[in-house]
Protein chains: 2
Amino acid sequence: MSVEEQAPDHLPGTKRKRGKGVGAVYDTLKHEILDLTLAPGSPIDEVKLSERFGISRTPIREALVKLAGEGLVVTLPNRFTIVAPIDFPNLSQFFDALSLMYRVTTRLAAANRTSADLVRIRALQDGYTRAVEAMDVHEMIEVNRNFHAEIARAGNNRYYAELFERLLDEGRRLLRLYYSSYNDKLPRIYLQEHEVMLAAIEQQDVEAADRIARAHAEQIVRQIQASIAADHRINANISL
Amino acid sequence: MSVEEQAPDHLPGTKRKRGKGVGAVYDTLKHEILDLTLAPGSPIDEVKLSERFGISRTPIREALVKLAGEGLVVTLPNRFTIVAPIDFPNLSQFFDALSLMYRVTTRLAAANRTSADLVRIRALQDGYTRAVEAMDVHEMIEVNRNFHAEIARAGNNRYYAELFERLLDEGRRLLRLYYSSYNDKLPRIYLQEHEVMLAAIEQQDVEAADRIARAHAEQIVRQIQASIAADHRINANISL
DNA sequence: TGTATTTTTGTTGTCGACAAAAAATATCCA
DNA sequence: TGGATATTTTTTGTCGACAACAAAAATACA
């Protein structure tokens, strides 16, 4: 899964605006990491990146420092930087935090949402519906993430929202890893649960929001765990 | 509260080891920000820093990017970087997250602590006792932070631990801002509560840990709020 | 042949210099 | 004098070059 001979990410004649370089590198790399375009654990070469983006290594490094701060990338001093590996031994920490953030952000959204928030969340839920109908797995994963991130924003607590987005992103990477195709049933369950969640938020029913968030989190954790278990069974059968 | 004519932070004859520059700048600035040695909102000059530390601007900038990632510093593009202002309008977000993290980390510590964890936490509690006896306010604030951070570590969830440390640091800044001296009563209440908390963790009583964490959080939030209210009253009496 | 030591190679961390951007200052003109 | 415009100053963002470091390759040696 290496990136070779890739077209440069800037129009050849164009001079990039001062200060936009780091942002562009940061955004592109973040997407590619969460996409699994860049495999977990794979090395990142500063020189190649600087050629690819047509800028010097200095802004590339600043982007990598930012990514390292978010845990998307790990820097091995004096050696190199790698895409953050997926930390399987500590997945339970991840599930615990993810579940709590589902609950907390959904509760807060029910308490604090404005009508403008409702419109934005509804739009994302509609997008999710379309993705399910189109059976577009990647779009489903992405829109699902944005749906919950928007709910967190409506909850109006930047500490929770920030942690939750980080967890949702990591979850996106896990889902990508195991899901090239869904069975038909699961997405429709999520669709229904989202609908109930949105109703609870709209009615500002905090306890109902908490209940459905909890159930939704359990559903998703189960899904990921099942995927991983299935995968491990396959590995266990490899001839050695 | 400006820093002028400060002695350089490296021994004049010494060459700093490659790769240690950013870390040194990062650590020093972080301390000074949380200390309030650097006032919230005050500008940070890259050139002055590079002279002070005896290194070029490149590693200085990387340190600033890291600090910005943690919200300790705010970068105004093409202009300058300032020490993160204290976000008074949104303090309730902070209190909400802080309280939840107190509870969650203490619960987890009760569930997961090893005996080695207990030793480390006990050592910090002893340090706190000494600070109270010495009436050393700054030491009390610092050790208190480390006490709870260590409990979070024992809880063994890096997502919670990381967010909690960030919140504790921000709290440290708030306490520093308002506390040059304590009244005698409060620190001893904290001391007792810490004792109860440690006992619950030792006995692995999750529900008791939760109860005392909740009470402790409320206590601290009340303290900070009272300090701010008092301060605002003073400001309200200024003649205009 | 296998192990210790040196050399080479590749990549990072740091530097000093320069160009772009914004603010501060000076200049012009009614 | 006052307000708009040009100029200077200050500080950032970026660059290309180089030295330090670690791994890999080559060499020496038993």
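## Basis of the description

Axes are lines fitted to C-alpha atoms, for helices over the stretch in contact, and angles between N-to-C directions run from 0 to 180 degrees. Helices are DSSP runs of H or I with at least four residues, numbered from the N terminus.

This is a predicted model: local features need pLDDT of at least 70, side-chain atom pairs count only at pLDDT 80 or more, and totals for chains, interfaces and linings use all residues. Residues are numbered from 1 along each chain as its sequence is written, while chains are lettered from A and ligands numbered from 1 in the order in which they are written.

## Helix packing in chain A

Helix α4 (residues 91-112) of chain A packs against helix α6 (residues 137-155) of chain A at about 55 degrees, and their axes are 7 Å apart. α4(A) and α6(A) are therefore oblique to each other. (Angles under 35 degrees count as roughly parallel, over 145 as roughly antiparallel, 65 to 115 as roughly perpendicular, and the rest as oblique.)

T105(A), T106(A), L108(A), A109(A) and N112(A) of α4(A) meet I151(A), A152(A), A154(A) and G155(A) of α6(A). Contact here puts C-beta atoms, placed from the backbone, within 7 Å. The residues of this contact divide into five nonpolar, four polar and no charged. Ala, Val, Leu, Ile, Met, Phe, Trp, Tyr, Cys and Pro count as nonpolar; Asp, Glu, Lys and Arg count as charged; the others, Gly among them, count as polar.

## Helix packing in chain B

In chain B, helix α6 (residues 137-155) and helix α7 (residues 158-178) pack at an angle of about 170 degrees, with axes 10 Å apart. α6(B) and α7(B) are therefore roughly antiparallel. The contact includes H148(B) and A152(B) of α6(B), and F164(B) and L168(B) of α7(B). By class, the contact has eight nonpolar, two polar and five charged residues.

## Domains of chain A

Chain A is assigned domain 1 (20-83) and domain 2 (88-236). The bounds come from an automatic or database domain assignment. Taken over C-alpha atoms, the domain centres are 27 Å apart. Four residues of domain 1 are in contact with six residues of domain 2. The domain 1 side has two nonpolar, no polar and two charged residues.

## Surface near DNA strand C

DNA strand C is surrounded by 22 residues; the closest are G21(B), I55(B), S56(B), T58(B) and P59(B). A residue is near a strand if its C-beta atom, placed from the backbone, lies within 6 Å of it.

Both chains contribute: α2 (46-53) and α3 (57-69) of chain A and α1 (20-35) and α3 (57-69) of chain B each supply at least two residues. The surface divides into six nonpolar, seven polar and nine charged residues.

Methods:
Two residues are in contact if their C-beta atoms, placed from the backbone, lie within 7 Å.
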